[in-house]
Amino acid sequence: MSNDHRSGCPINLTLEVVGDKWSLLIIRDMIFGNRRHFRELLLNSEEGIASNILADRLKTLVEAGIMTRADDPSHKQKAIYSLTEKGIELLPILAQMSGWGYKYLPVTEELGIRARLLMEGGPKMWAELMGELRVTHLGAPARRPSKSAGGSVAARLQAAYEQVVAGRAGREQGGAPASRGVAKRGAGTSRRAS
């Protein structure tokens with residue numbers, strides 16, 4: 001074992017690469033928000049990442065082989081980040097984490113909808129989304145769309161999010177409460193949607 005690592009444990013080694021909050025959130029934003037430029041990742045961060053932390057984490061993720069950085073052909077002064085196969089294969093982990101958070105933590109309705117759909121869609125949906133990411137980030141040939149639901153997984157997740165946001169805006173304008181309060185989720189668990 002190399003002296004650069006605390007141990008040879010696979011969980012430890014994975015956490016040494018993507019174990020900080022910001023790295024996983026950057027990967028999340030690339031997967032689910034198709035944010036591939038520094039400025040998009042910085043300005044559209046729900047959690048408000050600082051520019052120096054973003055720059056550091058992007059550098060670390062590139063060095064770890066989770067993503068690549070290349071000159072953007074559409075703008076000479078911009079770089080475009082792409083997930084590698086290693087980065088794309090983190091999707092099931094993020095889906096499991098979001099499912100756990102949806103089940104046990106007070107997620108908002110609009111930010112929880114993707115987690116719910118990914119839980120319901122399971123590994124088949126994850127594999128389909130990973131295929132879409134390979135087309136976008138690796139230039140893989142596009143596969144024929146699934147005959148199941150309409151459109152790509154990414155488009156379905158985005159449409160569900162937009163529908164929840166539009167419904168919330170309608171409820172707020174109509175005077176109805178914007179919060180559903182506490183809803184029961186599974187045996188002895190609860191989730192507050194705001």
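Colleague: Why does E85 count as partly exposed?

Modeller: Its relative accessible area is 29%. Buried means under 20%, exposed over 50%, and partly exposed in between, computed with a 1.4 Å probe on protein chains only. As 29% falls between these limits, E85 is partly exposed. This is a predicted model, in which local features need pLDDT of at least 70 and side-chain atom pairs count only at pLDDT 80 or more, while totals for chains, interfaces and linings use all residues. Residues are numbered from 1 along each chain as its sequence is written, and side-chain values use heavy atoms, with hydrogens and water left out.

Colleague: What makes the pair E85 and R134 a salt bridge?

Modeller: A salt bridge is a side-chain nitrogen of Lys or Arg within 4 Å of a carboxyl oxygen of Asp or Glu. For E85 and R134 the N to O distance is 2.6 Å, so the pair meets the criterion. The two residues come from distant parts of the chain, 49 residues apart, with E85 in helix α5 (residues 85-88) and R134 in helix α7. R134, at 24% relative accessibility, is also partly exposed.

Colleague: How do you know which stretches are helices and strands?

Modeller: They are DSSP runs, numbered from the N terminus: helices are H or I runs of at least four residues, and strands are E runs of at least two. The protein chain has eight helices and four strands, in the order α-α-α-α-β-β-α-α-α-α-β-β.

Colleague: Which parts of the chain does the salt bridge between R57 and D20 tie together?

Modeller: The side chains of R57 and D20 meet at 2.8 Å, N to O. R57 lies in helix α4 (residues 51-63) and D20 in the loop between α1 (10-18) and α2 (21-33), so the bridge ties together parts 37 residues apart in sequence. R57, with a relative accessible area of 19%, is buried, whereas D20, with 23%, is partly exposed.

Colleague: Why is R114 said to have no salt bridge?

Modeller: The nearest side chain of opposite charge, E162, is 6.8 Å away; Lys and Arg count as positive and Asp and Glu as negative, with His and the chain ends not counted.

Colleague: Which residues is R114 in contact with, leaving aside neighbours within four places in sequence?

Modeller: They are F32, L157, Q158 and Y161, where contact means heavy atoms within 4.5 Å.
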